[in-house]
Amino acid sequence: MPEAQYDDGAAIAPTGGGGAMDLATAEGETLEQAPAGPPGSGPGGRPRSLWSDAWHDLGRNPVFVVAALVILFLVLISIWPQLIAPGNPLDCDLARAQQGSRPGHPFGFDGQGCDVYTRTVHGARTSVTVGVCATLGVALLGSVLGGFAGFFGGVSDALLSRLTDVFFAIPVVLGGLVLLSVVTSDTVWPVIGFMLLLGWPQVSRIARGSVITVKQNDYVQAARALGASPARLLLKHVMPNAVAPVIVVATIALGTYISLEATLSYLGVGLRPPAVSWGIDISAASPYVRNAPHMLLWPAGALAVTVLAFIMLGDAVRDALDPKLR
C-alpha cells in the first residue's frame with residue numbers, strides 16, 4: 001500500500017496491527033508514546049492494592065477529610081479536655097442555675113448551676129470511649145465467630161445462625177432497660193458490655209457471608225491444593241480479603257453506639273450522676289427547655305455533630321472499599 005505523503009515531509013505508514021499507525025518523520029525517526037499503566041496503578045505502573053487504592057480515594061474525598069478532622073478534634077478533647085475547658089464539670093453553684101452566657105461561661109449554666117461549656121467538653125470523653133471500645137469489641141468478637149462459622153461450616157455454622165436469630169429478636173432499647181436496670185455502677189463498662197452482647201450478631205453475620213464468598217476464590221483453592229493448613233488459609237488468605245465489609249459496618253455502627261449510650265443515659269439506665277455524659281445533661285435539661293433552652297442546645301448539638309461525623313466517615317470508607325461504587 002503506498003504511503004500517504006504530506007507537505008511537511010511526514011508520512012503515515014500502516015503497520016500490521018489491525019489498522020494501528022505510527023507517526024514517522026522525514027528523517028526516519030519514530031515518535032513512540034510511552035505505555036500508560038492500567039487504571040488504578042501506582043507509580044511505575046504497578047497496580048495498587050485494595051487498601052492503598054482505598055486510602056488514595058479517601059484522601060481525595062472532602063467528606064472523609066471533614067469527618068476525620070472533626071473526629072480527630074473529638075478524640076483530642078476526650079484525652080485532654082483541660083486544653084479547652086480547664087474548669088471542673090462538677091463545680092456547681094445553685095445561685096447561678098439556668099443563667100445564660102456570661103464572660104468565661106459562653107454556654108451558660110444548667111439547672112444545678114454547673115457550667116454547660118465545661119460539661120459539654122468533658123462529656124465527649126464518655127461518648128468517644130463508649131463508641132470506640134464497643135465498636136472494637138463487637139468487631140473483634142463478631143469477626144472471630146462469623147469467620148470460623150463461615151470457613152468451617154457444618155454444625156458450628158448452623159448453631160451460630162440460630163444464635164444470631166435469637167439475639168436479633170431482642171429489641172435493643174428494651175434489652176438495655178432490662179439488663180442495665182439491675183446494674184448500679186456509674187462507669188461506662190456495663191454499657192459497653194451490653195452493646196457488646198447485643199451488637200456482635202450483626203457483625204458476625206456480615207463476616208460469615210464475606211468469608212463464604214472469599215473462600216471460594218481461585219487463590220484460596222490453589223493454596224489449599226498446595227497443602228496450606230486451615231489456620232493458614234483462614235489467617236493469611238481469607239480473613240485479610242474478607243475484613244473490608246466488617247470495617248465498613250463497624251465504622252458506621254460507632255456513631256450508633258454513641259447515640260445508644262446517650263439514649264440509655266437519658267432513660268436513666270446508662271450512666272448515672274456524678275458521671276458526665278451528654279445523655280445525662282440532655283435528660284436534666286428536658287424539663288427546662290422552655291425557660292433555658294441553652295441547657296439542651298449545646299449537649300444535644302455536640303451529640304448530633306459527633307454521630308454525624310462518624311456516619312459520614314463510615315459512608316466514605318464504604319465508598320472507598322466497595323469496588324462496585326467506583
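**Helices, cores and a nonpolar surface patch**

In the nonpolar surface patch, helix α5 (residues 172-180) gives the most, with 6 residues; helices (H or I, at least four residues) and strands (E, at least two) are DSSP runs, numbered from the N terminus. The structure is a predicted model, in which local features need pLDDT of at least 70 and side-chain atom pairs count only at pLDDT 80 or more, while totals for chains, interfaces and linings use all residues. Residues are numbered from 1 along each chain as its sequence is written, and side-chain values use heavy atoms, with hydrogens and water left out.

The patch covers about 720 Å² and is made by Val172, Val173, Leu174, Leu177, Val178, Leu179, Leu197, Tyr266 and Leu267. Patches are made of residues with over 30% relative accessible area and no salt bridge, with like charges joined within 9 Å and nonpolar side chains (Val, Leu, Ile, Met, Phe, Trp, Tyr) within 5 Å; a salt bridge is a side-chain nitrogen of Lys or Arg within 4 Å of a carboxyl oxygen of Asp or Glu. Accessible areas come from the Shrake-Rupley method with a 1.4 Å probe, and for residues only the protein chains shown count as cover. Tyr266 belongs to helix α9 (residues 244-266) and, at 39% relative accessibility, counts as partly exposed, where buried means under 20% relative accessible area, exposed over 50%, and partly exposed in between (1.4 Å probe, protein chains only).

The protein has 11 helices and 4 strands, and of its 326 residues 38% count as buried. Within the largest nonpolar core, which has 28 residues, Ile258, Leu303 and Leu321 touch the most other members; such a core is a set of buried Ala, Val, Leu, Ile, Met, Phe, Trp, Tyr and Cys residues joined through side-chain atoms within 4.5 Å. Helix α11 (294-321) is among the elements that give two or more residues to this core, and α11 gives the most, with 10 residues. Another core, of 27 residues, lies apart from it and includes Leu160, Val203, Leu260 and Ala275.

Phe107 is placed in the loop between α2 (62-79) and α3 (116-152), and counts as buried because its relative accessibility is 16%. Leaving aside neighbours within four places in sequence, Phe107 is in contact (heavy atoms within 4.5 Å) with Ser101, Val116, Tyr117, Thr120, His294 and Trp298. The C-alpha atoms of Phe107 and Leu297 are separated by 9.2 Å, although these residues are 190 residues apart along the chain. Just after α3, Gly153 takes a positive phi of about 65 degrees.
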